[in-house]
Amino acid sequence: MLRSLAYLGSAAAVVALPIAGLLERGQPLRSSAIAAGVASAAALFALVSLRLHRPAERGPWRLIALAFAVLGTGVAARWVYVVHGGHSLPFSSRSLAAAIAYPILGIALFTFTRRRTAGRDWAGVIDATLITIGAAVASWTFIMARIWDVSPSLTLGSAVALAHPAATVVLFALAVRFIVTGGHGGRAYVLLAVGSTLLIAADAIDSLGTIRGWFTPGTVLDSFGLVGIALVGLAALDSSMTRLTESVDDPDHRVSRRGLALLAVAAPVAPALVAARALGTVTPTTIIAVAAAVAVGALVIARSVALVSGYERALRLEHLLRDGAPRLVVARTREEIAAVTTELATALVGGGREAFVDFNLGVSPPTDVKDVLVVGGGETGSWLRGEYRQAGVLGRVGSAHTLVFPIVVKDRAAGILRVAARRSPSAALRDALLTLTAQVSAALEGADRADDILERRSEARFRSLVQNSKDLIAVIEPDLTIRFITPSARSMLGFGPNELVGTRLDTLLHPEELEQTTALVREQAKAGGSAEFEFRLMQKDGEWRTVEGAIANLLDDISVRGLVLTAHDVTDRRLLETELARQAFHDSLTGLPNRALFSDRVTHALDRVGRTTRSVAVLFIDVDDFKTVNDSLGHSMGDELLVAVGGRLRGCLRAADTGARLGGDEFGVLLEDVGGVGAAIEVAERILDALRRPVVLTDTELLVRASIGIVVGRSGQTSGELLRNADVAMYKGKRQGGNCFEVFEPAMHAAALARLELKADLERALANNEFHLVYQPIVELGDGSISGLEALLRWTHPTRGAISPVEFIPLAEETGLIPEIGHWVLERACEQAVVWQATIPAGSRLSISVNLAGRQLQSAGLIGEVTEVINRTGIDPHDLMLEITESTLMDEVELVVTRLAELKRLGVRIAVDDFGTGFSSLSYLQRFPVDVLKIAKEFVDEIATEQRDARLVEAVIKIAGSLDLRTVAEGIELQEQCDRLRELGCMLGQGYLFARPMLPEAVPDLLHRPLQSVA
């Protein structure tokens, strides 16, 4: 922004200066002030530009600032001594300032010139010297000689007066050198040249007018000097000023038209001055001498101009040819060469308006031309001249406007270049066009050579590719005889090329594809074109390779004359595709079909049901307790078990049946064309019998049980529907204990849907406060007192009413809600127990028992949850008993032992619920930190009548006593059962004999009234 404002302000000052000078005529004070101000401003501009534009060399601009400062000082001195002080100087202060400032300004211009002319530019020096001599002669004749005539004795004033025009001549010489050199470019160069010229011209006019007496200071002519100074300052402010000091690697020393014009003006100066001097004494000799000098000078200038013009035209032609030659070299085709040639020839003759250019790669000479000049020798040139002479259109050198150049390649005509110009072409143009035709001939020859090389390389490359290709390429006759075959036949088929040449292709074809393939080959031999197909070829060892082949009819190609067969070996790819397809539809562990293939086969079997009277059945098989095997023996042993099950399943089926592994420990069987459900039941029984035999896995013998669901399909059903129904039937059998089969009935589907609905309702039950707790007392069998209460969970469904725990507890475990529900039970039971202990005297030492699910016991956050409940409710940890089923103890034994030990450290007690119904042995009890064994109801029911049950309960009680464990008998309903348990030494009991589970509101009455006597 600052640069733009400074530049605009300076430009405005340049426009205003002549006006200001005219307005202030006759006012020495103001006129001097304006002159001093302009010079000072120009000096300031030169210094400011150094900071604004930062040129590479600052010296010349500092010299310009110094020169204008000197000029401004001279004007100021005149004002101080003459105008303001009334004194007169012994010399002109303006002349002294100019004598000092002009050489300094000239040195600055010389510095610019030296930066732009690397090396010695003698031509420029001579041109500038010639021009300066003329100016110096004029200055001496009209100015300096007159000063000397007025004051022949050398005084200070006359010396200063002579120094002024001398300094002007020096500035003129260096300014001419600066202008003639050229090559600067930019606005700063123009402003500096114009400003220097105006300053010198104004100074010369001022000096000449002052001596002659016709110049008056303050006129328009006087203002030109101020404009010149301002223009130089404006040049300093322009951004292009940095280019004036940039060095040029290859300066142009040619004589420019601008230099010629200056020479033409300077040459006749001396003769003109002689003529002017001789006007007073005119004689014939003087007139002849002056006229001769002027004529000779004019002729020399004219000749110089002609030479320079011819040189420039020749140089332009040379540049065009030099720039166009690379384009001809890189042209690849004859069409590209013709296009480039036409463009270059048109440029050489000066464009389409100056001449018509036609480039023809044919050899027939055009006859629709006149005044023809054939340029070029040789047989082709002589032949063309004869053709045009015979046609009567042959012209002469210097008068012909049409030039014809023959293009010769390897001594034969390859084309014609014709140029029809508006005027007779010069010798230089003819030579340039002849040079162009020579370049075109070389380019055409190079293109032909490149084509030959490329063709040979292509043939060699093709031969190498064919010989080294892994694909088999053969040329066969229409009768299937092999005429040529590539060496790749050895690597693909084991045969050498010599073993196959002369044999017939059909001897290598697979019998299953022989007829189809031979027919296709013969059809191509007749119809032509090409075809692709897949077939098998026999190897030398008798094996077969699958190939993708293509056959092309090249019978009409003289270089082939046969059917070309190309074959690519795809055997490995086809085997891989087959294996991937097998893996996609088969189980990688057992090798049986997977769910996707099984579903597809069930779909196809159902489609066939409607067309026959036979049925289709699906069996859904699930291995019972497979998770126990995985957890106890490891997953590798579980995989071995699945492989064994798959093998036995395969042995129970017919070839038409399908056995599959559907995922995990689930298997499926598809029975097609069965008589009905009876046949399916027979297969299910056969499978169960096969699985009952012990399975030996790495020295471990296992007994395998399975649950099977059976469904018979009908037309219109889908595979998904059939699998779902078989799955429903299987789960019914598993809920009944497993190791059995169940036949699907429509009611099962309804029950399954209801179970799904119940699962969904269960997820909302906790949030909707549909759960509540009931409590059943645990009684001391010795005195009948209440030892504690067991908290039991109940669910009241908003539409179905009370839901049995036997029904919804397994659902809670399946859905993963059991930890959240268990925490709710623990929290509510502890809160209620604390309330009873605080409000009922009889319940001060009342304990509370809460069931703990297996998933809760395995949770890492269980200890934190129990601790948080104890701390929040304030219950004594000893009054809290956590009950765990026996089967839970055997699930991840080490983890259970660790978790129980952590619970014991909290102070809570541990009870084993339903003891005797699981898989543990009594020896495991010493590993688990438990306090109470709860004897299952199954052993209590017949204890009063069955001695076997009594002895079993007695053994459990004795072992518990030896381990300091208390025993609780569950499900006591009869007094006889209670009496017998007390006799056997059982300490605690629980059952309907004492009280049914009750709501929390009924517990206080129970604690206040005595229970039924147990004595």
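**Salt bridges and cysteines, close up**

Searching the whole structure turns up 27 salt bridges, each being a Lys or Arg side-chain nitrogen within 4 Å of an Asp or Glu carboxyl oxygen. This is a predicted model, where local features need pLDDT of at least 70, side-chain atom pairs count only at pLDDT 80 or more, and totals for chains, interfaces and linings use all residues. Residues are numbered from 1 along each chain as its sequence is written, and side-chain values use heavy atoms, with hydrogens and water left out.

**View 1. D622 pairs with K734 in a salt bridge, N to O 2.7 Å.** The two sit 112 residues apart, D622 in strand β10 (residues 615-623) and K734 in helix α23 (residues 719-735); helices (H or I, at least four residues) and strands (E, at least two) are DSSP runs, numbered from the N terminus. D622 is buried at 6% relative accessible area, while K734 is partly exposed at 25% (buried is under 20%, exposed over 50%, partly exposed in between; 1.4 Å probe, protein chains only).

**View 2. Helix α30 holds the R899 and E902 pair.** Their closest N and O atoms are 3.5 Å apart in a salt bridge. Being three residues apart puts them about one helical turn from each other. R899 is buried at 8%, and E902 is partly exposed at 23%.

**View 3. K904 meets D931 in a salt bridge, 2.8 Å from N to O.** K904 belongs to helix α30, and D931 lies in the loop between β22 (909-915) and β23 (932-935).

**View 4. C978 is buried, at 0% relative accessibility.** Its closest cysteine sulfur, in C986, is 8.9 Å from its own, too far for a bond.

Methods: Disulfide = S-S within 2.5 Å.
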